Amino acid sequence: MGRRAAVIGAGGGIGAACMLAFAAAGWEPIGADLVADDALRALDVTDAAAMDGFARDIGPVDAMVYAAGTVATTPIATIDFAVWRRIMAVNLDGAAHAASAFARNMAGEGGAMVFISSAAGVRGESNASAYSASKAGLIGMVESIAAELVPVNIRVNAVAPGNVDTAMLRDVARGIAEAEGRDRAEVWDSFARTGAARRLLAPEEVARVCVALCDDGFSGVTGATIPVDAGYLLT
Ligand SMILES: NC(=O)c1ccc[n+]([C@@H]2O[C@H](COP(=O)([O-])OP(=O)(O)OC[C@H]3O[C@@H](n4cnc5c(N)ncnc54)[C@H](O)[C@@H]3O)[C@@H](O)[C@H]2O)c1
């Protein structure tokens, strides 16, 4: 039987690219997102029981990529803590639900998990306290779980993308433009000028790293956070 991979958040820019990258590498990808469509199962990652049900229904997989996420511009002095809670629920609680459910799914055979953190989780960014905290928390969770699951042959890694051209980044541009009274196109252009490479990343560039990390070729890599940021964190 071929290798099977669950992709959570598979309807998003990076998640959809992961689905295609797994298929191109000969895997069978199984996708889930908040809203089902012809190709995706419905799953609210904030619901631990629903995550368990998803992991059980699809049967044993060899890999799981957690690409669900949400973002908001959150100036700390005026932050709405309902928004803080929502970001934590999707980015961090949901990731823990996935790690727990898929640790059980992969028990016996082993496998690989990849969680999509962010450069903002490695180096905090202004007006992004909730998002940066959730993504830094994810890196801590990945390191802990990676150590815990070494004996059962499950590798656990994170990737930390820079600015990737997806719907989420367009939402961020809108939020910053509103918070700072700037023109949205000017904010977008500024994203494309960040990092040593001075460009946005394509979702496929992140997806290829996620798929590679799941491959046995990376059997020696666990507990790592790989920047996929075209040099953003170097500047
Ligand atoms: N785009 C970037 O610049 C960038 C940079 C660094 C990290 N990331 C991270 O990459 C991941 C993918 O982001 P993207 O850029 O593809 O954004 P996206 O908005 O295109 O995709 C996010 C997906 O998560 C899904 N999702 C949100 N809440 C959910 C829930 N409760 N249950 C199930 N699914 C839910 C959405 O429906 C969406 O399909 C996110 O974790 C994001 O934080 C993105």
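What share of the contacts in the chain with a separation of 6 or more comes from residues 24 or more positions apart? The figure is 72%, where a contact means two C-beta atoms, placed from the backbone, within 7 Å.

A word on the ground rules. Numbering runs from 1 along each chain as its sequence is written. This is a predicted model, so local features need pLDDT of at least 70 and side-chain atom pairs count only at pLDDT 80 or more, while totals for chains, interfaces and linings use all residues.

**Overall build**

The chain holds 8 helices and 7 strands; these are DSSP runs numbered from the N terminus, with helices (H or I) of at least four residues and strands (E) of at least two. For 235 residues, a compact globule would have a radius of gyration near 18 Å, and the 17 Å of the chain agrees with that. That radius is taken over C-alpha atoms, and the globule rule is 2.2 Å times the number of residues to the power 0.38. Along its principal axes, the C-alpha trace spans about 55 × 35 × 35 Å.

The 7 strands make an open, parallel sheet, ordered E3-E2-E1-E4-E5-E6-E7. Strands E3 and E7 sit at the edges with a single partner strand each, so one side of each has no neighbour in the sheet. Pairing here takes at least two DSSP bridges between two strands. E4 and E5 pair in the parallel sense over 4 bridges, and one of the details is that alanine 63 has alanine 112 in E5 as its bridge partner.

Helix H3 lies across E1, E4, E5 and E6, running at about 175° to E4. Axes are lines fitted to C-alpha atoms, for helices over the stretch in contact, with angles from 0 to 180 degrees between N-to-C directions.

| Element | Residues |
|---|---|
| Helix H3 | 81-105 |
| Strand E1 | 4-8 |
| Strand E6 | 154-161 |

**Serine 129**

Serine 129 belongs to helix H5 (residues 129-149). With 16 other C-beta atoms within 10 Å, serine 129 is partly exposed. Leaving aside residues up to four places away in sequence, serine 129 touches Thr74, Ile76 and Ile79.

**Around the ligand**

Of the 27 residues around the ligand, Gly12, Gly13, Gly69, Thr166 and Met168 come nearest; the cut-off is a C-beta atom, placed from the backbone, within 6 Å. Helices H1 (13-24) and H6 (167-180) are the elements giving two or more residues to this shell.

Notes:
A residue is buried if 20 or more other C-beta atoms lie within 10 Å of its own, exposed if 12 or fewer, and partly exposed in between; C-beta atoms are placed from the backbone.
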